[in-house]
Every structure is written in C-alpha cells, then in structure tokens.
Amino acid sequence: MKVGIVGTGNMGGILIQAFIESGAISPSDLNVVNRTRSKAEKFQQNYRDISIYNEPAKLIQDSDVIFICVKPLDIFEVLKNNQHHFTKEKCIVSITSPVSVEQIESLVDCSCMRVIPSITNRALSGVSLFSFGSNCTEEWKTSIWELFSTVSTPVKIDENITRVSSDIVSCGPAFFTYLTRKFIQGAVSETEIDETTATVLASEMLIGLGELLKKEVYTLDALQEKVCVKGGVTGEGISAMEGQIGSLFPELFKATHRKFDEDISETKKQFGI
C-alpha cells in the first residue's frame, strides 16, 4: 500500500515518524508533499527512501491512501483542485476536526474517513479517533484501523462528540503539560527545590502514573483514594485544589467549543454545506 501525506507540519510529521518507526509502513511506500518542499525533505535525513513530491496532484495519483494534514481552511483547496485524481479505489483520511467526513464526500467519489491523531501517537501510544464516511468501503475501514492500531488505540466516535473527544485525546497533552508546569512553578516558588529537580520528579511521577493506569493497577478513583489518606498531607493539598479550581475545566471546554464553532462556520462557507 502506497501512503501519501499532504502536509508535514506537527501532526503530519508525527504520523510519518510513528508509522515508519512502528514498522507499519516502509519508507519506500511513503509519498510526501508540503507547500514548502524543504520541510518535507528534512524527513529524508532519517528516512532516505521517502519520495518527496513538488505538488499534491502527482502524489495523489501515486498513492492508495492520502492523509490530508493541512490546516482546516486549506483542505477545501486541496480537494477541489484535485477532485479528478481522487478516483474511486483510493481513500482520503483527513486529520482535522472542523471538517466533517460528509463535507469531504461532497467533493470526491473515493472512500473517506476522518482520523484525529494525538502527539502521544509519536510514542506509539494514546488514542486515535475514527469517523467513517457513508461510502467508505469495509476494506479501507479495516486497513486504516489496523494501520493506526500499530501506533495507537483506535476509537470510533460519533460526530456530536468530535470536539470534546479531540480536546481530551489531542489537546489533552498540551492542557496537562501546562498544568504540570504550573505545578512545578508552584513548588519552586514556595519551597527550596530547584526547577530542574522538580521537573525530573514531576516527569517521572507522570510516567509512573501512566504505567499504573496502563496496567490497570488502579482506576482513577481508586488511585486517588489510595494516596489520599484521611487527615493526611495529600488530603490537605486536594482541599486547596478544590478551593481554587472552580469552573476551570467547564470554561476550558466552553472555550474550545466556541473556537470549534467558528471553524465549522468558516469551513461550511467553503464547502457550501
């Protein structure tokens, strides 16, 4: 299977690296194009057999499945300008949440799906979120599901929970990294620990926490109960958090959904849906 990737930004680049390093795709089966060619060529430093293209049309012709990894407002242009190259036997995989599979299917005749990846897929971990088009063949559903199973845990989602699912899976690492940095800064400002030491301790704590959850040693509730001894230090810390955290997370989801609605509105204008 020849795999084409249009766009080698953050997520496009992560998919290239994850697919190759997992052994799911050979570099010689990977076709890549980017608006700035030099950004695509940098991947040849580690994977010499990747094929670099000057424009999407030829890449689409030479690929069986095409991952569209450009910004939401650039997707329409890629699809519209190359409609006749997306022949029936091919498959399109979009990785952006504001563009629905229905919108993509309105322009092309091939199989279509949306797969929202996560930066955690770079470590061959985390989740990938699947939405299938009405005309997507069972063969392509199975093939791409198996492909992402090598770098993630695939999960099929309904359209109405696309944004919140992406917030948790794709944006979540950034949100919790931000909280961890604030956690570290608080430790540094209120105690004698230095930032380097606090960063090492916090990072290793998160790795250990992830392993506990991965191995299903504890549920989230059970883990908190296990550490939070009644009347102990952890309980005092959680009480302080409860007093400060307030509506932080509801407001977070409100903010992401407002932006999501704006993006959807813009893409609908382009697609005329």
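Let's start with helix 4, residues 72-81, and helix 11, residues 248-271: their axes come within 9 Å of each other and cross at roughly 15 degrees. Axes here are lines fitted to C-alpha atoms, for helices over the stretch in contact, and angles run from 0 to 180 degrees between N-to-C directions. Helices are DSSP runs of H or I with at least four residues, strands are E runs of at least two, and both are numbered from the N terminus. So helix 4 and helix 11 count as roughly parallel, the word for angles under 35 degrees, with over 145 being roughly antiparallel, 65 to 115 roughly perpendicular and the rest oblique.

Contact means heavy atoms within 4.5 Å. By type, the residues of this contact are six nonpolar, two polar and one charged. Nonpolar covers Ala, Val, Leu, Ile, Met, Phe, Trp, Tyr, Cys and Pro, charged is Asp, Glu, Lys and Arg, and the others, Gly among them, are polar.

A quick word on what we're looking at. This is a predicted model, where local features need pLDDT of at least 70 and side-chain atom pairs count only at pLDDT 80 or more, while totals for chains, interfaces and linings use all residues. Residues are numbered from 1 along each chain as its sequence is written, and side-chain values use heavy atoms, with hydrogens and water left out.

Zooming out, the protein has 11 helices and eight strands. Its C-alpha trace spans about 70 × 40 × 35 Å along the principal axes. Of its 273 residues, 37% are buried, meaning under 20% relative accessible area; exposed is over 50%, and partly exposed is in between, using a 1.4 Å probe and protein chains only.

Let's walk through strand 6, residues 111-116. Six of its six residues are buried, with S111, M113 and V115 on one side and C112, R114 and I116 on the other. What are its partners? Strand 5 (residues 91-94) runs parallel to strand 6, joined by four bridges, and C91 has S111 as its bridge partner. Strand 7 (residues 127-132) pairs with strand 6 in the antiparallel sense, also over four bridges, and M113 stands opposite F132. Strand 7 then runs parallel to strand 8 over four bridges, with F130 opposite K156.

S166 is in helix 7, residues 162-190. Is S166 buried or exposed? Buried, with a relative accessible area of 4%. Apart from neighbours within four places in sequence, S166 touches I116, L129 and C171.

I119 is in the loop between strand 6 and strand 7, and at 49% relative accessibility I119 is partly exposed. Leaving out neighbours within four places in sequence, I119 is in contact with M11, I14 and P173.

Methods: Pairing = 2+ DSSP bridges.
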